[in-house]
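Subject: Handing over the structure

Hi,

Here is the structure I promised to pass on.

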Protein chains: 2
Amino acid sequence: MPVTVWRRRGRPARREAEAVRTLAGLARALGHPARVRIVRTLIERQACIGCDLVDETGLAQSTVSEHLRILKAAGIITGEIERPRVCYSLNPAALEPLRAFLTTATGSPAPARPSRRA
Amino acid sequence: MPVTVWRRRGRPARREAEAVRTLAGLARALGHPARVRIVRTLIERQACIGCDLVDETGLAQSTVSEHLRILKAAGIITGEIERPRVCYSLNPAALEPLRAFLTTATGSPAPARPSRRA
DNA sequence: ATCGACTATCGTCGAAACACGATGAAGGAG
DNA sequence: CTCCTTCATCGTGTTTCGACGATAGTCGAT
């Protein structure tokens, strides 16, 4: 039996571990209904003021601020200061890695296609 | 007294809240490096036995089992019992909603939608 | 029947998430 | 100036997560 041996010890990359952490970080940032709703709102409207999001979610202002901080830390949204308001908007590029990962996971007919090395 | 106040902003339905919860649940299930790595492994290999995943992640067996349970609860993976082993495999359909959401969020134009012509 | 391999579950502990009210800073309006 | 609005931060309490060891169950092999 020829036994297909995959790399048993060859650590392909520390880069991979970093990518995994990035994906997990993005997913975790989206892993709360309030934050999904915020992102969803920012998709519909192009931009949004914080107090509108407070109204939308029905949560306390401090709680919404915390969720916004998490989304901001993940790079998913950006806050442009417009004293005394802050105008939040989506940063689609930040979600790209996760989108690509999920596209591979869902519709990927390319399991054995190592045409891209590094 | 036709009290059709219909909410302040015309919120379509409770269905939306459910969709939001579904998306958050999927994202949360992916919101951990170990689980991303498991899913990633299941994408590469088509299926995998639990002990291989223990080896892959470097975590304790009970910990991996817990992560597998979370992924299973989210519907992302399925476990086919093959006494005394369990053969895990990915369930791409479960991730579809999240993929679609992210595709919308990233503004990916015309998401390869080649009709139903398989 | 006994052993070994594989997995699920339980109990526990520390760390992090979550939600809130209270407080403070930074303008704009009166 | 004072008042109002908007937002961030702090402190607190509750809940959940993450990791582990220990234990028990199920099968094939001896």
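By class, which residues does the surface near DNA strand C have: how many nonpolar, polar and charged? Keep in mind while you look that this is a predicted model.

The count is nine nonpolar, eight polar and five charged residues. In total, 22 residues surround DNA strand C. The closest come from both protein chains: S62(A) on one side, and G50(B), C51(B), S62(B) and S65(B) on the other. As for the elements behind that surface, chain A brings in α4 (61-73), while chain B brings in α3 (50-57), α4 (61-73) and β3 (85-90), each with at least two residues. The top contributor is α4(B), which gives six residues.

Next, the two protein chains.

The contact between them takes 28 residues from chain A and 30 residues from chain B. On the chain A side, α1 (14-29), α2 (33-44) and α5 (92-107) are the elements that give two or more residues.

The axes of α1(A) and α5(A) lie 9 Å apart, at an angle of about 100 degrees. Since 65 to 115 degrees counts as roughly perpendicular, that is the word for how α1(A) sits relative to α5(A). If you want to find the spot, look for T22(A), L23(A), L26(A) and A27(A) in α1(A), which meet L95(A), P97(A), L98(A) and F101(A) in α5(A). This contact has seven nonpolar residues, one polar and no charged ones.

Last, the sheet in chain B. Three strands make an open, antiparallel sheet in the order β1-β3-β2. At the edges are β1 (47-49) and β2 (77-82) of chain B, each pairing on one side only. Neighbouring strands are turned by 30 degrees against each other on average, ignoring direction. Between β1(B) and β3(B) there are three bridges, and I49(B) stands opposite C87(B) in β3(B).

Cheers

How values were computed: Residues numbered from 1 in each chain as written. Chains lettered and ligands numbered in written order. Predicted model: local features only at pLDDT ≥ 70, side-chain atom pairs only at ≥ 80, totals over all residues. Near = placed C-beta within 6 Å. Helix = DSSP H or I, 4+ residues; strand = E, 2+ residues; numbered from the N terminus. Nonpolar A, V, L, I, M, F, W, Y, C, P; charged D, E, K, R; others polar. Contact = placed C-beta atoms within 7 Å. Axes fitted to C-alpha atoms, helices over the stretch in contact; angles between N-to-C directions. Parallel < 35°, antiparallel > 145°, perpendicular 65-115°, else oblique. Pairing = 2+ DSSP bridges.
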